[in-house]
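Here are a few notes to read with the model open beside you. Take them in order, and look up each residue as you go.

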Amino acid sequence: MIEVARKGAQPQSVTMRAASGLLAMLLFMGFASARDGIDVGVDTEHPGTKLDRHVFGQFAEDLGTGLYGGIWVGRDSSIPNTRGIRNDVVAALKDLHVPVVRWPGGCFADEYHWQDGIGPAAARRPQPNYNWGGVLESNEFGTDEFMDFAQQIGTEAYISVNVGSGTVKEAADWLQYMTADAGSAWGKQRAANGHPAPYRVAMLGLGNESWDCGGHMSAAEYSFQLKLYARFVHNWNKAQPMQRVAVGPNGAKTEYTEAVMKLWKDNADWDWGLEGLSLHSYTVGKWPPSWPATDFGEPDYAKSLAETLKMDELIRTHSALMDQFDPQKKISLVVDEWGVWLAPSKGSNPGFLQQQNSQRDAVLAALNLNIFSRHADRVRNANIAQMVNVLQAMILTDGPKMVLTPTYYVFRMYVPFQDAVMLPVQYAAGSYAVGDFKLPRVDIIAARTQEGKIAVAITNVDAKQPATVQVDLGKVSAKTASGETLAAPKVDAVNTFDAPRTVVPKGVTVPVKTGRLTLTVPPASVTVLTTQ
Ligand code: AHR
């Protein structure tokens, strides 16, 4: 019996007809019901939607040691750095091809006054971080340092302006500082601070969680602010089109989605603009976060994955509502905060949101990336929270030490999916049950990469059993497919500074014979293969 049949993001009915035909064929051939071998059909003839590389974005808030210590160590540090930015972290991030980084928050953004963080070090104005541990932030890492960091890792800037405690003028001036030429007042100041050429700002967040830390505004109150910020905060650098992102829903609540989309639709003739609506959703269970980051077993593993899969329903809910106002899907749903939020590491400042990162979190990341790929027509941007040392981080640092997390490796393995065109896949996922939780046994996506190769990502959710997967790639000339598998001795295995290679991907190459490949993937693992 087929329990779950999944397909890539492609709304065209012709594709669905073709896909269901393929499924029928698999059933006829007796493959789709096999419990142990999973037959996967990739429909290379009916490409779907492009998976925007910005879905693999990162988030770097001024929070805990996410910036200070994690990225910024200062020019005089003994930790090797380039203009104060640590070299090891930059080198590691380059391998992720990070498309965009959101900064400076988060809740911090609505208390950040950018003018405190420009100019000579002595002129910087330290600021207590109200939201995150009450510590004093030196503001040594300001706009110019963030832009330097973005340039060093080769990424685009997603700037969140202060709507909660700032003014429209403050935000407009900031954009002038960043994007106007040196003839303008703020452009001249930027040049005096060492950067004559305008910076590029790819995305602009108009507030953050305005329903909560951003000012506890009703949807109507936020809409009033949004009109002003979307009208007056200009991008002056025409070399870089800028997407404006409005604050969107609080989880499943739809008030903000409806209010913002209605405002946008009813006023298309205004001299303003909006290109995105933000969605924040953490995998957290009950508040405050209490799930352990380490020393947990299979029931906790299954519970958190079941919770994370709700992302799909959440996106469906908001997408359906957005469709009512925007059937052409002009406005992106920007999932600019997502990831697992766990109990803080023992002994850490709870306001620093430090947590370890396990193989479970790697599987969880892959499942979310797969969900985004299935909604690629609406979800064109996403930013995992957060990049370094905070929440579901790519990288952990402690003084000069650095370690890459299992989640880091998933992002590295998924690089072939950046800007790839999704391909429909059909398979019987089967099920994996633990206590009350029933999950799909495997989760699989496929795409045609920018280089014209076929990439397949296979997540084996089952923590006990390996899965043998036979993939039919259709008409391909490739003779092999290769990539990596990320597996671990236990679901709660982590990388530490002392044992940094407990969870690292292993290379895998399989033959492709008449368009078919077969491989067996370990329990609780993520594999990405690309045809060669
Ligand atoms: O990522 C941590 C915090 O979570 C962000 O600052 C805020 O936007 C969200 O509540």
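1. Start with a term: a salt bridge here is a side-chain nitrogen of Lys or Arg within 4 Å of a carboxyl oxygen of Asp or Glu. Side chains of opposite charge can pair when their charged atoms come close. Keep in mind that you're looking at a predicted model; by that definition it holds 26 salt bridges.

2. Have a look at Arg102 first. Its salt bridge with Glu337 puts the closest N and O atoms 2.9 Å apart. That pair links distant parts of the chain, with Glu337 in strand E12 and Arg102 in strand E5, 235 residues apart. Arg102 also forms a salt bridge with Asp336, this time with 3.7 Å between the closest N and O atoms. Because Arg102 sits in strand E5 and Asp336 in strand E12 (residues 332–340), this second pair ties together parts that are 234 residues apart in sequence.

3. Another pair to check is Asp88 and Arg86, whose side chains meet in a salt bridge at 2.9 Å, N to O. Arg86 is buried, with 0% relative accessibility, while Asp88 is partly exposed at 24%.

4. Some distances are worth checking by eye. An N or O atom in the Glu337 side chain is 2.7 Å from an oxygen atom of the ligand, and for the side chain of Glu209 the corresponding figure is 2.8 Å. Gln386 has a polar side-chain atom 3.0 Å from a ligand oxygen. Taken alone the ligand exposes 280 Å², and the protein buries 94% of that.

5. Last, the disulfide. A search of the whole structure finds 1, joining Cys107 to Cys213 with 2.2 Å from S to S. Cys107 is in the loop between strand E5 (100–103) and strand E6 (127–128), and Cys213 in the loop between strand E9 (203–206) and helix H6 (219–232), 106 residues apart. The link is left-handed, with -90° about the S-S bond. Cys107 is buried at 11% relative accessibility, whereas Cys213 is partly exposed at 25%.

How values were computed:
Residues are numbered from 1 along each chain as its sequence is written. This is a predicted model: local features need pLDDT of at least 70, side-chain atom pairs count only at pLDDT 80 or more; totals for chains, interfaces and linings use all residues. Side-chain values use heavy atoms; hydrogens and water are left out. A disulfide is a pair of cysteine sulfur atoms within 2.5 Å. Helices (H or I, at least four residues) and strands (E, at least two) are DSSP runs, numbered from the N terminus. Buried means under 20% relative accessible area, exposed over 50%, partly exposed in between (1.4 Å probe, protein chains only). A polar contact is a pair of N or O atoms within 3.5 Å; within protein, one must be able to donate a hydrogen and the other to accept it, and residues adjacent in sequence count only if both atoms are side-chain atoms. Accessible areas come from the Shrake-Rupley method with a 1.4 Å probe; for residues, only the protein chains shown count as cover.
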